[in-house]
Every structure is written in structure tokens, then in C-alpha cells.
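Biologist: I have the chain open on my screen. Can we go through it piece by piece?

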Amino acid sequence: MNITEQLRRLRKDLGIAPIVASPAVSTQETTPYAEALRRLLRTRERAHPVKLPPPAGKTVAEGVQLVEHVHAYEASDDVVLPRDEARIDRRRLLCFDTETTGLAGGVGTRAFMIGVADWSENRLRVRQLYLTTMAGEAEMLRLFVSWLRDDTVLVSYNGKSYDAPLLKGRLRLNRIAHPLAELAHVDWLHPTRRVYRGVLPNCKLSTIERDVLRIVREDDLPGAEAPAAWLAYLRGQSSRGLARVLEHNRQDVVTLMRLGDHLGELASR
């Protein structure tokens, strides 16, 4: 359909009488309408993506969502540390894991999701913070810091090398005071390697889940695909991928608690 026909239909839809042109009338009379239509078409092409609703949770700050789950979990009050067999009150543990914009780290990498699992009223509580806009980073970090106590013991898998330094860097850039450097930090990757290196093909958390803890994930999104899923959500393309990232992160922090119990049982034998 050419521009003249588009103009004719547009005028008809708006109830504007058609222009009856004569040889003496300049064709420039239609130019404003043509230009308006061209602007309309260009605006549609440049339209901003539709803002999708967050896949889960409640808004706790501008650009920040909080998701909470509570799991029934049978376990003793203490966790045994594998190396020195010291016992730690389970209520002090805070298992944490981040989903980030890249796996290489560095100044440009930031966490868009932080998940934690801790012991609350004899149940396993999972809390997850995630960004729906980049502007929410500082508030998300402040909320995470508010969950830390003086006696908190951080628990991670490769977190000493990746998650903790990344969070410290982002907290420093946002000028947020935090106690991460002073808190005890137990990284399950190292005792897991001591036990299963050479026994299993590798010591990835997904391998330990499947071959040791007998945890089978359904419709799991690999961690490497998490950044793309989050960016797709920000661009208004889909929220399903971000929902899968949430589930992946939730299972990660639950596994950290279960892995600690497994390693403690091995140490007690």
C-alpha cells in the first residue's frame, strides 16, 4: 500500500472529508499529513519494549523484588565442619549465591540476583532479591547487608573466589558499609574437592547434586544462560527465563545447606 492510499484510509478512519484536488491546487497541501503519517510509522518502529510484570515476589524498593520460600527440613541443631570437626550452630549459617551479568568478574560485572538460605524457626528459609531495573542495585545490596549479623557464618560454593569479592566490590562502588570481610566464611568447594576429586568427573555443584545428593532438577536453566534471561526480561521480551533463573538460584542455596550436612556426616564417621 503506497503512502497516498495510507493517507486516504487514515483520513477516512478519522472522519475527515477527502481532499478534492484540482489542477490548480499544489500537491504540497497533502505534505503535512504525509509527514505526520511518516512520524507515526517511525514512532511505532522505535517503540519502547513493553514493561513486563516481575515473574514473582513483592516490590521492596524501587527496582528490587523479594521472593521468599520456606521448606520443611529435618536436621540437627549443629553443623559439623569437615576439616576440624568443629560444630557450628545451624542458626548462624547464611548460605548465599549470586547470579551476575557475567562469569568473568571484574569491575563491569554486577549481581542482578542474590539468594540466601538460613535456619528460621526450625525451617529452611530462602530469600531472593533481584533487580527489575539497573537503578535498584544499591537498595538490593543494602537489603542483603541488613540480613548479616555479627555472628553470621557465610556459606558458599566457590564464593570465596567469586561471589564474595564481587559483592565487596559492588558494595564499595556504591559506598555501602558492610561486614563481609570480618565474617567467617565456609566455602564447601574445597572440602568437596578433597573428598570427591578423582572419584567424580568433576566437582561442579550440579555434578555433586546429581551423583552425591541425588537431587534431580527439572527444567533447570544453566547458570551461564542467566545473564541473557535477565536482559531479555529488561528488554520486555519474556519473563519466563527470569523465573527459571529464580528457581535455579533457589535450588543452589538449598543445596548448600544439604551439602553441608552431607560433608558433616562424612567427617563424623
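Modeller: Start with pairing: two strands pair if DSSP finds at least two bridges between them. Strands (E, at least two residues) and helices (H or I, at least four) are DSSP runs, numbered from the N terminus. This is a predicted model, where local features need pLDDT of at least 70, side-chain atom pairs count only at pLDDT 80 or more, and totals for chains, interfaces and linings use all residues. Residues are numbered from 1 along each chain as its sequence is written, and side-chain values use heavy atoms, without hydrogens or water.

Biologist: Which residue in E8 stands opposite Cys 95?

Modeller: Look at E5 and E8, which run parallel and are joined by 3 bridges. Across from Cys 95, the residue in E8 is Val 155.

Biologist: What is the bridge partner of Val 153 in E9?

Modeller: E8 also runs parallel to E9, with 4 bridges between them. There, Val 153 is partnered by Ala 184.

Biologist: Are the residues on the two faces of E8 buried or exposed?

Modeller: In a regular strand, side chains alternate between the two faces of the sheet. E8 spans residues 153–156, with Val 153 and Val 155 on one side and Leu 154 and Ser 156 on the other. Buried means under 20% relative accessible area, exposed over 50%, and partly exposed in between (1.4 Å probe, protein chains only). Both faces of E8 are covered, and these four residues are all buried.

Biologist: Which elements do the buried residues of H4 pack against?

Modeller: H4 covers residues 163–173, and its buried residues include Leu 166, Leu 167 and Leu 171. After H4 comes Arg 175, with a positive phi near 55 degrees. The buried residues of H4 pack against E5, E6 (111–120), H3 (137–146) and E9 (184–187).

Biologist: Why does Trp 119 count as buried?

Modeller: Trp 119 sits in strand E6. Beyond neighbours within four places in sequence, its contacts (heavy atoms within 4.5 Å) are Tyr 73, Ala 75, Arg 90, Arg 91, Leu 93 and Leu 124. Trp 119 counts as buried because its relative accessibility is 10%.

Biologist: What separates the C-alpha atoms of Trp 119 and Arg 90?

Modeller: Arg 90 is among the contacts of Trp 119. The two lie 29 residues apart along the chain, yet their C-alpha atoms are separated by 6.5 Å.

Biologist: What separates the C-alpha atoms of Val 80 and Gly 260?

Modeller: Val 80 belongs to E3, residues 78–80. Its relative accessibility is 9%, so Val 80 counts as buried. Along the chain, Gly 260 is 180 residues away, but the C-alpha separation is 7.9 Å.

Biologist: Which element gives the largest share of the lining of the largest pocket?

Modeller: A pocket is an open set of points on a 1 Å grid where a 1.4 Å probe fits, with protein on both sides within 12 Å along at least five of seven lines; lining residues have an atom within 4 Å of a point. Here 30 residues line the largest pocket, with Asp 97, Leu 205, Gly 223, His 248 and Asp 252 nearest its centre. Elements giving two or more residues are H5 (189–196), H6 (205–213), H7 (226–234), H8 (240–268) and E5 (93–100). The largest share, 5 residues, comes from E5.

Biologist: What share of the 269 residues in the chain is buried?

Modeller: The chain has 8 helices and 9 strands. Among its contacts between residues at least 6 apart in sequence, 70% join residues at least 24 apart. Of the 269 residues, the buried share is 43%.
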